[in-house]
Amino acid sequence: MKEKKKNFKQKSDKNMNDSKIKKNKIKNAKLIIDGKKVSDNSELTRLLLVFAVVTVVFVLFYGLTALFKNRDVPNDTKDKSIAVIQYDEIIVGDIFSQNTDFYYVLVINKKSTDETLYMTYIDKHKEKADKIYQVDLSNIFNKQFVAKDSNLIVENVKDIKFSGNTLLKIENNKLVEYFEGDDEIVDYLNSLSE
């Protein structure tokens, strides 16, 4: 009987050893994936590490961008004014399409003319017309309307040509009178004050 107990004990020890070996093999199999030893926490750790690195890089770039953006313009020179649309200067194509009944259009080349000469006269006589518009012939949109000889009496505004400084008097979107050259323009503007 002792022998039976001994055999039983040896078998149970062997079974226990076999089950421990199986458990260890299963545990080791879980820890070895694609020939690399991993732990249950390593995947989570790796994910958190990648997330942390991406977050740090993003915050770093954001901070550098904000720093350099604010450095470009000094605080005291930042323009905080609201943009204003300027309606006094028009292009040649809009000469006959203004919304007022009676107005003047001063057509000059601002690059070669001292416009203050005209503006002093115009400021004196602003009440004589609803509006005084300006056309700058040096503007790229108006260059096609500059010619050697003027052609002001036209059916279509696309055909109009200017040879120099000109003052146009417009009523009901039609050309009523025009004055070409500095002397004629200044003489006419002086006559308005009489």
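**Notebook: cores and a helix pair**

I looked up Val-105 first. Leaving aside neighbours within four places in sequence, I found Val-105 in contact (heavy atoms within 4.5 Å) with Ile-95, Tyr-133, Val-135, Thr-166, Leu-167, Leu-168 and Ile-170.

I note that this is a predicted model, where local features need pLDDT of at least 70, side-chain atom pairs count only at pLDDT 80 or more, and totals for chains, interfaces and linings use all residues. Residues are numbered from 1 along each chain as its sequence is written, and side-chain values use heavy atoms, with hydrogens and water left out.

Next I looked up the cores. A nonpolar core is a set of buried (under 20% relative accessible area, 1.4 Å probe, protein chains only) Ala, Val, Leu, Ile, Met, Phe, Trp, Tyr and Cys residues joined through side-chain atoms within 4.5 Å. The largest one has 17 residues. Val-92, Ile-95, Val-105, Ile-160 and Phe-162 have the most contacts inside it. Strands (DSSP runs of E, at least two residues) S4 (102-108), S5 (131-136) and S6 (166-171) each give two or more residues to this core. S4 gives the largest share, three residues. I also found a second, separate core of 15 residues, including Ile-132, Leu-167, Tyr-188 and Leu-189.

Then I turned to two helices (DSSP runs of H or I, at least four residues). The axes (lines fitted to C-alpha atoms over the stretch in contact) of H3 (residues 115-124) and H4 (residues 182-192) come within 9 Å and cross at roughly 20 degrees. So H3 is roughly parallel (under 35 degrees) to H4. Leu-117, Tyr-118, Tyr-121 and Ile-122 in H3 meet Asp-182, Ile-185, Val-186, Leu-189 and Asn-190 in H4.

Conventions:
Buried means under 20% relative accessible area, exposed over 50%, partly exposed in between (1.4 Å probe, protein chains only). Axes are lines fitted to C-alpha atoms, for helices over the stretch in contact, and angles run from 0 to 180 degrees between N-to-C directions. Angles under 35 degrees count as roughly parallel, over 145 as roughly antiparallel, 65 to 115 as roughly perpendicular and the rest as oblique.
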